Amino acid sequence: MKKKYKTKFPVARIKKIMQLDEDVGKVAQATPVLISKALELFMQSLIDQACQETRQRHAKRLTAAHLKKTIETVEQFDFLKDVVANVPDPSEQAGPSEEIKEEGTKSSRSRRTKKAPVKEEEEMEDD
């Protein structure tokens, strides 16, 4: 009896992706399972390192900026530097909405005002 492996990534999809390459011929049944497990371990390592970065910054959520910093600082992930090169740094993202929140005022959502009805605008133009 064959043993079923529980993987986090879909084995059938991995096999299809592998077969898209013209150089790949037949794929042994165990190969996509091993690729799936390797992908799972790789992702776990990346996320664990990014979580450490998130905790060091005392942040509550893991963001793309945390992943970028992890990839830039951990030698194991050097091959991904080109992929994250276009991800903006959080220091560059600090805009007026974040400054307002730091001052303790309400967020930009609560400052929105309702637009006047069109009829009133038409009356003003007639004057």
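Against which helices do the buried residues of helix 2 pack? They pack against helix 1 (11-20) and helix 3 (64-73). Packing here rests on contact, meaning heavy atoms within 4.5 Å.

This is a predicted model: local features need pLDDT of at least 70, side-chain atom pairs count only at pLDDT 80 or more, and totals for chains, interfaces and linings use all residues. Residues are numbered from 1 along each chain as its sequence is written, and side-chain values use heavy atoms, with hydrogens and water left out.

Start with the whole chain. It has seven helices and zero strands. Both are DSSP runs numbered from the N terminus (helices: H or I, at least four residues; strands: E, at least two). Of its 127 residues, 18% count as buried. Buried means under 20% relative accessible area, exposed over 50%, and partly exposed in between (1.4 Å probe, protein chains only).

Now follow helix 2. It has 27 residues. From first C-alpha to last it reaches 39 Å, close to the 39 Å expected at 1.5 Å a residue. The expected span is 1.5 Å times one less than the number of residues. Its buried residues include P32, V33, L46 and T54. Just after helix 2, H58 takes a positive phi of about 55°.

I47 also lies in helix 2, which covers residues 30-56. Is I47 buried or partly exposed? I47 is partly exposed, because its relative accessible area is 32%, between the cut-offs of 20% and 50%.
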